[in-house]
Amino acid sequence: QVQLVESGGGLVQPGGSLRLSCAASGSIVSISSMAWFRQAPGKQREPVAGISSYGRTHYADSVKGRFTISADNAKNTAVLQMNSLKPEDTAVYYCNANVYSTMRGSNNYWGQGTQVTVST
């Protein structure tokens, strides 16, 4: 079984920074991509940033220039560095990964989510 565990959420003032981490564990053979999504109250879950195993990244227009995604393939981890945070960034942030495991082959997995609140 594969698990994704997020950490690093919390409360921050506008203009501040937070660093989210995602650690994948289990019977992992390889991870082809990792990504962060977010879901604000009353809204649909939306993609925020993603990174392939080759290091190619993509970002939502709303976070370009403020957020940076990185990954450590050897440790099966991904980090989302969030700077210049705005109140509209408030949401539950979810880690997502496309994983090839020994037990289940290729599957898509979600973490449990971590709350990010940007407020004075």
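This is a predicted model: local features need pLDDT of at least 70, side-chain atom pairs count only at pLDDT 80 or more; totals for chains, interfaces and linings use all residues.
**Strands, salt bridges and a pocket**

Visitor: How many helices and strands is that?
Guide: The chain has 11 strands and 0 helices.

Visitor: And the overall dimensions, what box do the C-alpha atoms fill?
Guide: Taken along the principal axes, the C-alpha atoms fill a box of roughly 45 × 25 × 20 Å. The radius of gyration of the chain is 14 Å, which agrees with the value near 14 Å for a compact globule with 120 residues.

Visitor: How much of the chain is buried?
Guide: Buried residues make up 40% of the 120 residues. As for contacts between residues at least 6 apart in sequence, 56% of them join residues at least 24 apart.

Visitor: Switching to charges, how many salt bridges does a search of the whole structure find?
Guide: The search finds 4 salt bridges, among them one between Arg 38 and Asp 89, whose closest N and O atoms are 2.9 Å apart. Arg 38 lies in strand β4 (residues 28-39) and Asp 89 in the loop between β8 (77-82) and β9 (91-101), so this pair ties together parts that are 51 residues apart in sequence.

Visitor: Is Arg 38 buried or exposed?
Guide: Arg 38 counts as buried because its relative accessibility is 6%, under the 20% cut-off.

Visitor: Which other residue forms a salt bridge with Asp 89?
Guide: Asp 89 also forms a salt bridge with Arg 66, where the closest N and O atoms are 2.7 Å apart. That pair links distant parts of the chain, since Arg 66 sits in the loop between β6 (57-59) and β7 (67-72), 23 residues from Asp 89. Both Asp 89 and Arg 66 are buried, and a network of salt bridges links Arg 38, Glu 46, Arg 66 and Asp 89.

Visitor: What about Asp 61 and Lys 64, buried or exposed?
Guide: Asp 61 and Lys 64 are both exposed, and their side chains meet in a salt bridge at 3.1 Å, N to O.

Visitor: Last topic: how much space lies in the largest pocket?
Guide: The largest pocket holds about 180 Å³ of space. It is lined by 13 residues, of which Arg 38, Ala 40, Lys 43, Glu 46 and Glu 88 are the closest to its centre.

Visitor: What is that lining like by class?
Guide: The lining has 7 charged, 4 polar and 2 nonpolar residues.

Definitions and conventions: Residues are numbered from 1 along each chain as its sequence is written. Side-chain values use heavy atoms; hydrogens and water are left out. On a 1 Å grid over the protein atoms alone, a cavity is a set of points where a 1.4 Å probe fits but cannot get out, and a pocket is an open set with protein on both sides within 12 Å along at least five of seven lines; lining residues have an atom within 4 Å of a point. Grid points are joined across faces, edges and corners, and a volume is the space filled by probe spheres set on the points. Ala, Val, Leu, Ile, Met, Phe, Trp, Tyr, Cys and Pro count as nonpolar, Asp, Glu, Lys and Arg as charged, and the others, Gly among them, as polar. Helices (H or I, at least four residues) and strands (E, at least two) are DSSP runs, numbered from the N terminus. Buried means under 20% relative accessible area, exposed over 50%, partly exposed in between (1.4 Å probe, protein chains only). The radius of gyration is taken over C-alpha atoms; the globule rule is 2.2 Å times the number of residues to the power 0.38. Contact means heavy atoms within 4.5 Å.
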